[in-house]
Amino acid sequence: HIILLHAGTNDMVQGAAGATDRLASLIDLLIEEAPDALIVVSNIIPLPFAADAVNAFNAPIPGLVQSRAEAGAHVVFVDQFEGFPVSELGDNVHPDENGYNRMAAKWFAAIAEYLR
């Protein structure tokens with residue numbers, strides 16, 4: 001079982017305060033409820049009108065993932081932000097077809113070695 005987690009965009013719009021803590025709690029819940037699953041956590045893609053909030057939210061995510069992996073959880077990080085052009089946001093929030101294809105390629109690269 002593989003869980004792909006790209007969460008937090010709505011928090012950037014509705015209020016970023018506490019978003020990192022909510023993500024950490026969600027990761028912990030997934031680890032608890034699906035201990036044998038591979039949990040693949042990404043940072044979020046750009047959100048041009050909330051760039052500062054996105055940068056602040058994304059910054060601690062690799063460390064959140066790393067600390068849980070070091071504790072024995074089956075969790076890995078995928079950088080969905082780096083290299084994602086805002087021109088691939090169809091409505092300035094959601095990816096267009098090219099953006100989704102870009103994201104799919106990054107997800108696949110992260111999980112390919114775990115597939116049978």
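Colleague: Which residues does Leu38 touch, not counting residues up to four places away in sequence?

Modeller: For a contact list, heavy atoms within 4.5 Å are the criterion. In this predicted model, Leu38 touches His1, Ile2 and Ile3, then His74, Val75 and Val76, and also Ile111 and Tyr114. Leu38 itself lies in strand 2.

Colleague: Is Leu38 buried or exposed?

Modeller: The cut-off for buried is under 20% relative accessible area. Leu38 has a relative accessible area of 10%, so it is buried.

Colleague: How far apart are Leu38 and His74 in sequence and in space?

Modeller: Here you set two separations side by side. Leu38 and His74 are 36 residues apart in sequence, yet their C-alpha atoms are 5.0 Å apart in space. For the whole chain, take the contacts with a separation of 6 or more: 70% of them join residues 24 or more positions apart.

Colleague: Let's turn to helix 4. Which of its residues are buried?

Modeller: Helix 4 covers residues 61-70, and its buried residues are Ile61, Leu64, Val65 and Arg68. Looking down the axis of helix 4, you find these buried residues within an arc of 95°, so they line one face of the helix.

Colleague: Stepping back, in what order do the elements of the chain run?

Modeller: Read from the N terminus, the order is β-α-α-β-α-α-β-α, with five helices and three strands in the chain. The radius of gyration is 14 Å, close to the 13 Å from the globule rule for 116 residues, so the chain is as compact as a globular protein of that length. Along the principal axes, the C-alpha atoms fill a box of roughly 35 × 35 × 20 Å.

Colleague: How much of the chain is buried, and what makes up its accessible surface?

Modeller: Of the 116 residues, 35% are buried. The accessible surface comes to about 6600 Å², and carbon and sulfur atoms account for 53% of that.

Definitions and conventions:
Residues are numbered from 1 along each chain as its sequence is written. This is a predicted model: local features need pLDDT of at least 70, side-chain atom pairs count only at pLDDT 80 or more; totals for chains, interfaces and linings use all residues. Side-chain values use heavy atoms; hydrogens and water are left out. Buried means under 20% relative accessible area, exposed over 50%, partly exposed in between (1.4 Å probe, protein chains only). Helices (H or I, at least four residues) and strands (E, at least two) are DSSP runs, numbered from the N terminus. The arc is that of the directions from the helix axis to the C-beta atoms. The radius of gyration is taken over C-alpha atoms; the globule rule is 2.2 Å times the number of residues to the power 0.38. Accessible areas come from the Shrake-Rupley method with a 1.4 Å probe; for residues, only the protein chains shown count as cover.
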